[in-house]
Amino acid sequence: MSRVQKILAGIFLTGVLLGGIGTGVALAESSSFTYVGKKQLGAENLITKTLDFTYDAKKGALVLAPFYWENNPPGSKIQTDNRVPSGTVRYIVTYNKETVEPVLLFHKYETQETMEMSPEAAAEFTTENPQASAQGYLELYPNYIGDSFTLFMETKDQFLSEFRQKKISNYDVLYITDVKIKINPADMEQITD
């Protein structure tokens, strides 16, 4: 082996040795961190808002769409309340006003079959098919506002402070935290979910 090859092999082996030592130090350092648990970001920004949707019961049943966003809020079943006017679906939503704005979207059912039928034939079709007699479905939609970079910049100081103390937390951003759906008891047969 020539002198140049010996020098290059020595440099390579020294790099491998130092890399191994660095990896060992990094593993030892990271194993000294403690997990603190979950921290919820945005709890100070939670507000509750009431959203009402008025529908015409004569046009058929109303279907309430299930929630499709991450972390479906618990306790979002339909409740009856005499204070809610008949023909109204009331959503009581608790949410983080800095990350999301909840809105109700109504989607009317129109099938190709009923659009091409005469009004009499469409009425007969919907009578024979109970699912087709629904006027549409109501969806609680989370309209996301803000951006993740702003949220990161607002929480970086808290993260770095914990990191210096050798603590690690799981940060959970709050969006919609609770939903209650209330209807008048007289409307129970008109609402499905």
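Tutor: What follows goes through the sheet, then the aromatic pairs, then the exposure of their rings.

This is a predicted model, in which local features need pLDDT of at least 70 and side-chain atom pairs count only at pLDDT 80 or more, while totals for chains, interfaces and linings use all residues. Residues are numbered from 1 along each chain as its sequence is written, and side-chain values use heavy atoms, with hydrogens and water left out.

Start with the sheet. Helices (H or I, at least four residues) and strands (E, at least two) are DSSP runs, numbered from the N terminus. Two strands pair if DSSP finds at least two bridges between them. Strands of a sheet pair through backbone hydrogen bonds, either parallel or antiparallel. Here 4 strands make up an open sheet with mixed pairing, in the order β6-β7-β3-β10. The edges are β6 (100–108) and β10 (191–192); each has a single partner strand, so one side of each is left without a neighbour in the sheet. Inside this order, β3 (residues 62–64) pairs with β7 (residues 136–144) in the parallel sense, over 3 bridges. Leu62 stands opposite Gly136 in β7.

Now the rings. Rings of Phe, Tyr and Trp (its six-membered ring) pair if their centres lie within 6.5 Å; planes under 30 degrees apart count as stacked, over 60 as edge-to-face and the rest as tilted. The structure holds 6 aromatic pairs. One of them joins Tyr109 and Tyr137: the ring centres are 5.8 Å apart and the planes stand at 40 degrees, so the pair is tilted. Tyr137 belongs to strand β7, whereas Tyr109 is in the loop between β6 and α2 (112–116); the two are 28 residues apart, and the pair links distant parts of the chain.

As for exposure, buried means under 20% relative accessible area, exposed over 50%, and partly exposed in between (1.4 Å probe, protein chains only). Tyr109 counts as partly exposed because its relative accessibility is 36%. Tyr137, at 28%, is also partly exposed.

A further pair is formed by Tyr144 and Tyr175, with ring centres 5.3 Å apart and planes at 85 degrees, so this pair is edge-to-face. Tyr144 lies in strand β7 and Tyr175 in the loop between β8 (167–173) and β9 (176–183), so the contact ties together parts 31 residues apart in sequence. Tyr144 is partly exposed, with a relative accessible area of 46%, and Tyr175 is partly exposed at 34%.
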